[in-house]
Amino acid sequence: MKKSTILIKGAKVIDPATNFDAVGDVFIQGDTISRVGNCQGCHADKIIEAKDKIVMPALVDMHVHLREPGREDKETVASGTKAALHGGVTALLAMPNTNPAIDCAKTAELLSQIIKKTAQTEVFICGAITKNREGRELSDIAGLKKNGAIALSDDGSSVDNSELMRKAFKAAKKAGLLVICHCEDKTLSQDGAVNLGFTSTRLGLKGIPKESEYKRLGRDVELAKETGARVHIAHVSCKESVEIIARAKKEKVAISAETAPHYFSLSDQAVLGFDTNAKMNPPLRGKDDVEAVKAALRQGIIDCIASDHAPHTPNEKDIEFERAAFGVIGLETELAAAITELVLPGILSWLELSKLMSYNPAKVLGINKGKLSPGAPADIIIVSPDKEWAVGKERFFSKSKNSCFLGRKLKGEVSCTIHRGEIKWSL
Amino acid sequence: MRWKRKDLLDLESLSPEEIEYILTTAASFKEVTTRQIKKVPALRGKTVVNLFYEPSTRTRISFEVAAKRLSADVINISTEGSSVKKGETLIDTGKNIEALKADIIVVRHSASGAAAMLAQHLKANVINAGDGWHEHPTQALLDIFTLKEKRGKIQGLKVSIIGDIAHSRVARSNIWGMIKLGAKVTLCAPPMLIPPAIEQTGAKVTSDLDEALKDADAINVLRMQFERDGVEAFPKSSEYFKTYGITEERLQKAKKDIIVMHPGPINRGIEMSSEVADGANSAILEQVTNGIAVRMAVLFLVTQAKNEKKHNSH
Amino acid sequence: MQAKIILSSEEIRKAIQRLAHQILEREPNLKDLALIGIQTRGVCLAKRIQAVIKEVKNEDLPLGVLDITFYRDDLTAIGLSPVVKETHIDFDLNDKRVVLIDDVLFTGRTIRAALDEIMDFGRPKSIELLVLIDRGHRQLPIRPDFVGKNIPTSLEELVEVKFEETDGVDEVAIIPKGEKTD
């Protein structure tokens, strides 16, 4: 059967795998990238004119809450993956804090089936570290690995028992699985709702101190050092965490880290007015932390940008601030936020952005994605870099609309998302 | 100036001119309360709903009296045995009340930001009668009114706020209001009851009561809560009284004509001694009287903001 | 259309003299008489009339000042930010014969508000109305007992009364609507 072909012409082509950054074409045959650069003479079934556009690998988002099974009112695998394609994401890691939690072979199989039947793009499975994420007993790590999990995390919670976490790291290392750490010390964060500081004082809300994150991070780094496990730090939010990660990397600990777009776009001032769409965990921090996160992205201390897409219904968000659920959606705004806050102001180049959002996450997860080189899977996005758009609820394909960027304007729009050589989204 | 706000949610966002305007209007209403017929028809036909999620007698009654003196109809909703206990959300409750054609909702709630949330979703006027630890604007306004009446102006006055600042909405509103009108504010509390970064408001911070009393023109003494969420918040109340209690002995080191205020109700023997509460320096009962005038002013002004048509008649 | 001066400073002085004497004609012994001026310029006028009467009869009539803001019938329609002035009646209204004083009588609604407010203070024996200018266009059944000058006006005009105490000059002018100068 003849493979269908696509030729994307005249764009600025970015390949983070080879550091290719030049105007050129991309020729796709079937589900693979065939040629990059000068494609004169390539005859294609479909030609996409992409002058003044950016063509880069599709995003690999390694922190997404799809909410299925259990909270299909917030999001499903189907709606979440549709939203992903709209945002330029063709591969994502689904977090296991569902109901039931993905903590054994059976639940991993359940999710696998749902993905097979309804996912609009590729979904990778993350299993829980402990049974039902309760932090008491290790989950069936071998069973999870067998049924498709490529990483482990209790995200939403940290494992408080250090001895248990040590066992988990060892088991994960043995199984060859990445451990993604949500760093939070609940005895310090308690029932806080915002960053501890002048903003929490002004609003009369209980504050979450930064120590909650970086002290637990310190512990996880020590355990990583001791056990040699591959460890990835989720949603880094503050400068102290950045410093600890930088030090750990210097000591050659096998550690990687991610941050979410809200931590380089917004400070805790966004919470003034009691906007629950600025409530997430870890909370938005001070302006100096935002600068530290940006610098860390530039210096490679933070390896990845991941959305931490956390859909919630109005029932959980349109209520009193202290009772509102933590979390914001992000699949459909993460690229634009990164372009607006990091690329257009000149903090990152397109190549560096692509490394953070495609190449590095793929590498950390150990999957063959995030490249725009000949022979790589044809997971590609075409981006209008200067197109400004207003962030409004009606634009989201996600079932939930709790975005921290509502009412703002962002620059950078995905005009086409190609997955395995097939156009899955276009404007 | 024109009063443009449909709601009164906090003092933090008010300009000094707006605060002065409320005080001036309150002075006119205070005159009304000295008449034989202590009533004006300004809010005749309007309905004021007191929506109190936290128990309160004095604030609720104060708002009720104020509304009635403006000839408004008053409905009191406390959440015992109401639909709220059946799980109705705050916004749903608010919308239901609005559907009954209530014009003004006075809300007290244990969650910071509750009043702001209601105001955003409702067309009715919303007045914050205390939301969590956040603000209690009418209390601070009546505190400021009382001080202004006695001292002529707020500018330059040294005012100390004493007590559990961290958990006090009265403190926050007073800090904003007093500083905006030019007072020099000192906060005095045990170290664990001082909220983070509070100096950024411009207030001075100390844990030494004598320092707070020295040269102060007025002190505002906050209520001390000894149980919070079932956990003891401060070592025994007798210890609090020893270190932070306002007694006549302590006031020896202060100005002779220092004004002593308290939002009430007073824990005699804990925040202050009975002698001070009933003594010559105490303005506590005047605060209560002024509270009516201030709340009349606030109720009156927010209804003005709803309408934009111009008119002229003699 | 230009502003037209209807009463000069001298004409105002004469009108006030005449009005004060009219009161004295009707009530020569001043028994139980009291003056109440409506804020703001009604108060100026009332004080001037009180002064003339003092000159003639050497007697200080009790004088009250009334702000009618809270009694207006158009409060919720206007959305004004009222500058509420002083209301002060320090004498017992019961059984007094009140002369209610304002600068301009127009629709009559201000007077209606003042009447309601006075009634909330007590029960006067009678209330008579004194105005410097009657410009017509009544919307309520209100009629003045003492008038300084009747000035027919159109609804496109405004009558502007200025007193030295409040505006630096004594003058009454008709100006086109939308050109109010204070």
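**View 1. A right-handed β-α-β unit in chain A of the predicted model**. Strand β6(A), helix α1 (residues 77–86) of chain A and strand β7(A) make up this right-handed unit. The two strands, β6(A) and β7 (residues 89–94) of chain A, are paired in the parallel sense, with four bridges between them. Within this pairing, Val64(A) lies opposite Ala94(A) of β7(A).

**View 2. Burial of strand β6 (residues 59–64) of chain A**. Six of the six residues of β6(A) are buried, each with under 20% relative accessible area. The strand is therefore largely enclosed by the rest of the structure.

**View 3. The open sheet β1-β8-β7 of chain C**. Three strands form this sheet, and their pairing is antiparallel. β1 (4–7) and β7 (157–162) of chain C are the edge strands, each pairing on one side only. Neighbouring strands are turned against each other by 30° on average, direction ignored.

**View 4. Pairing of β7(C) with β8(C)**. Strand β8 (residues 171–176) of chain C runs antiparallel to β7(C), and six bridges join the two. Val161(C) stands across from Val172(C), a residue of β8(C). Strands of a sheet pair through backbone hydrogen bonds, in either the parallel or the antiparallel sense.

**View 5. Helix α1 (residues 9–26) of chain C on the sheet**. The helix packs on the sheet of chain C and touches β1, β7 and β8 of that chain. The direction of α1(C) makes about 30° with that of β1(C).

Note on methods:
Residues are numbered from 1 along each chain as its sequence is written. Chains are lettered from A and ligands numbered from 1 in the order in which they are written. This is a predicted model: local features need pLDDT of at least 70, side-chain atom pairs count only at pLDDT 80 or more; totals for chains, interfaces and linings use all residues. Side-chain values use heavy atoms; hydrogens and water are left out. Two strands pair if DSSP finds at least two bridges between them. Axes are lines fitted to C-alpha atoms, for helices over the stretch in contact, and angles run from 0 to 180 degrees between N-to-C directions. Contact means heavy atoms within 4.5 Å. Buried means under 20% relative accessible area, exposed over 50%, partly exposed in between (1.4 Å probe, protein chains only). A crossover is right-handed if, with the strands pointing away from the viewer, the path from the first strand over the helix to the second runs clockwise.
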